[in-house]
Amino acid sequence: MDELEFRRRAYGEPQSQDPEFLQAQQEASGRDAFVSDLKALDRKIAKALKVDVPEDLADKLLLRQQLTVHHKQRRRTTFLVAMAASVAFVFGLSFSLLRLGPVDLGEHALSHVYHEYKALQSERDIDLGDINASLVSVRGLESTHFRSAPGRVVYKAYCDFQGVRSLHLVLEGETGKVTLFIVPVEERMQLPTQFADNRYQGIGVKTEDAYLLLVGEEKTALEHLEQNLLQSFI
């Protein structure tokens, strides 16, 4: 589920228990907090709209009271809806402006590896046709593909790089597993040729249509895989 569809679903029904929606919350950082904020806003609105209807009053007095409550409720509802819309608009605008800023792909790649650490535990065998089919479905990567398998691929999923749908692969390298992110080229993306933290090493490579980011524990394994990718990925 891409970011636009996820946000549309979240605004429309933040309490949804649909499995696809719940899974999408886990696919990108910040989505859980975003949905939690919307749920909290729903609860506040529901609480504000609770109006105790008077009982045990004469018919005329009850009717008059109900009309008064009705008018007050309409004004209050209009105000609350307007307030909720304003909050949602400001939140959405801030979120959008954040995504328009420059993106450090190296830092983002390292964060993804830690956030999706379960990917490194996968042992599924992903075939070449499945990988190329996934590339075709990503906007900006439609013309890219692998001419040959980059190695044994044990994990495949879509991921989000600041609003840009990308492909997340894990390969079984000679000295351990290596994560490969394939990100469509965008001007706001900043690609370091090398990056690292106290655990992982990273290499960034730019092709005509994509950024390739390799993350692993052994730099020599990354360099070897980099050469294979440059020969097989077009």
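Guide: Welcome! In this predicted model, Val 35 touches Phe 6, Ala 10, Pro 14, Phe 21 and Gln 25, leaving aside residues up to four places away in sequence. Val 35 itself lies in helix H3.

Visitor: Why is Val 35 called buried?

Guide: Buried means under 20% relative accessible area. Val 35 has 1% relative accessibility, so Val 35 counts as buried.

Visitor: How far apart are Val 35 and Pro 14 in sequence and in space?

Guide: They are 21 residues apart in sequence, and their C-alpha atoms are 5.9 Å apart in space.

Visitor: What makes H1 and H3 roughly parallel to each other?

Guide: The axes of H1 (residues 3–12) and H3 (residues 31–48) cross at roughly 25 degrees and come within 10 Å. Angles under 35 degrees count as roughly parallel, and therefore H1 and H3 are roughly parallel to each other.

Visitor: Which residues make that contact?

Guide: From H1 there are Glu 3, Phe 6, Arg 7, Ala 10 and Tyr 11, and from H3 there are Arg 31, Phe 34, Val 35 and Leu 38. They divide into six nonpolar, no polar and three charged residues.

Visitor: And what is the hand of the crossing?

Guide: H1 passes H3 in a right-handed crossing.

Visitor: How confident is the predictor in the chain?

Guide: The mean pLDDT is 81, and 82% of the residues reach 70 or more. Over residues 93–98, though, pLDDT stays under 50, and the model has three contacts beyond four places in sequence for that stretch.

Methods: Residues are numbered from 1 along each chain as its sequence is written. This is a predicted model: local features need pLDDT of at least 70, side-chain atom pairs count only at pLDDT 80 or more; totals for chains, interfaces and linings use all residues. Side-chain values use heavy atoms; hydrogens and water are left out. Axes are lines fitted to C-alpha atoms, for helices over the stretch in contact, and angles run from 0 to 180 degrees between N-to-C directions. Helices (H or I, at least four residues) and strands (E, at least two) are DSSP runs, numbered from the N terminus. Angles under 35 degrees count as roughly parallel, over 145 as roughly antiparallel, 65 to 115 as roughly perpendicular and the rest as oblique. A crossing is left-handed if the near helix is turned anticlockwise from the far one by less than a right angle, and right-handed if clockwise. Contact means heavy atoms within 4.5 Å. Ala, Val, Leu, Ile, Met, Phe, Trp, Tyr, Cys and Pro count as nonpolar, Asp, Glu, Lys and Arg as charged, and the others, Gly among them, as polar. Buried means under 20% relative accessible area, exposed over 50%, partly exposed in between (1.4 Å probe, protein chains only). pLDDT is the predictor's confidence in each residue, from 0 to 100.
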